[in-house]
Amino acid sequence: MGTYNEMKIEFSSISENESFARAVVSAFVLKLNPTLEELSDIKTAVSEAVTNAIIHGYEKQQGMVKIAGKIEENTVYLEISDEGEGIEDVEKAMEPLYTSKPELDRSGMGFAFMEAFMDDLQVDSEPGGGTRIRMKKTIYSAINLS
């Protein structure tokens, strides 16, 4: 088994922490020397997941958003979770253009972006039980690094 690196952070579900989350994950992934496109993909997926937690998970109250990250060889594993409202129908929520908040001018593309920019996406949620989003991305520019 190769070496790995792990991190965990927790922060308040307020909108200004979305950029904080992007910065932390970017700093964590930089040791793999990703291309600008790979880094941008990861940052976009993290933004979407954190924004979902803030806007949908904790709509009526403030809570904590957690990010756990692991780098194993040249693959990044991220888990973004909240203990908010949860999602009643995950399959429906993952449909492109579906939004439960059209009045907030939400595009309904959050999960579609996460799926497009990451290699793998899993969403676990239940009403009242919070949501956990697990994503994975292989950094191909890092394959030849030792």
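Colleague: Is arginine 134 buried, partly exposed or exposed, and what is its relative accessible area?

Modeller: This is a predicted model, and in it arginine 134 is partly exposed, with a relative accessible area of 28%.

Colleague: Which residue does the side chain of arginine 134 meet in a salt bridge?

Modeller: A salt bridge is read from the distance between a side-chain nitrogen of Lys or Arg and a carboxyl oxygen of Asp or Glu, which has to be within 4 Å. Here the side chain of arginine 134 meets that of aspartate 124, with N to O at 3.0 Å. Because arginine 134 belongs to strand 5 and aspartate 124 to strand 4 (residues 120-125), the pair ties together parts that are 10 residues apart in sequence. Aspartate 124 counts as partly exposed, at 32% relative accessibility.

Colleague: With which residue does aspartate 41 form a salt bridge, and is aspartate 41 buried or exposed?

Modeller: Aspartate 41 forms a salt bridge with lysine 137, and the closest N and O atoms are 3.4 Å apart. Since aspartate 41 sits in helix 2 and lysine 137 in strand 5 (residues 131-138), this pair ties together parts that are 96 residues apart in sequence. Aspartate 41 is buried, its relative accessible area being 13%, and lysine 137 likewise counts as buried, at 8% relative accessibility.

Colleague: Let us turn to helix packing: at what angle do the axes of helix 2 and helix 4 cross?

Modeller: An angle over 145 degrees counts as roughly antiparallel. The axes of helix 2 (residues 36-57) and helix 4 (residues 110-117) cross at roughly 150° and come within 9 Å, and the two helices are therefore roughly antiparallel to each other. Their crossing is left-handed.

Colleague: Which residues make the contact, and on which helix?

Modeller: Helix 2 contributes Asp41, Thr44, Ala45, Glu48, Ala49 and Asn52, and helix 4 contributes Gly110, Phe111, Phe113, Met114 and Phe117. By class, the residues of this contact divide into six nonpolar, three polar and two charged.

Technical notes:
Residues are numbered from 1 along each chain as its sequence is written. This is a predicted model: local features need pLDDT of at least 70, side-chain atom pairs count only at pLDDT 80 or more; totals for chains, interfaces and linings use all residues. Side-chain values use heavy atoms; hydrogens and water are left out. Axes are lines fitted to C-alpha atoms, for helices over the stretch in contact, and angles run from 0 to 180 degrees between N-to-C directions. Helices (H or I, at least four residues) and strands (E, at least two) are DSSP runs, numbered from the N terminus. Angles under 35 degrees count as roughly parallel, over 145 as roughly antiparallel, 65 to 115 as roughly perpendicular and the rest as oblique. A crossing is left-handed if the near helix is turned anticlockwise from the far one by less than a right angle, and right-handed if clockwise. Contact means heavy atoms within 4.5 Å. Ala, Val, Leu, Ile, Met, Phe, Trp, Tyr, Cys and Pro count as nonpolar, Asp, Glu, Lys and Arg as charged, and the others, Gly among them, as polar. Buried means under 20% relative accessible area, exposed over 50%, partly exposed in between (1.4 Å probe, protein chains only).
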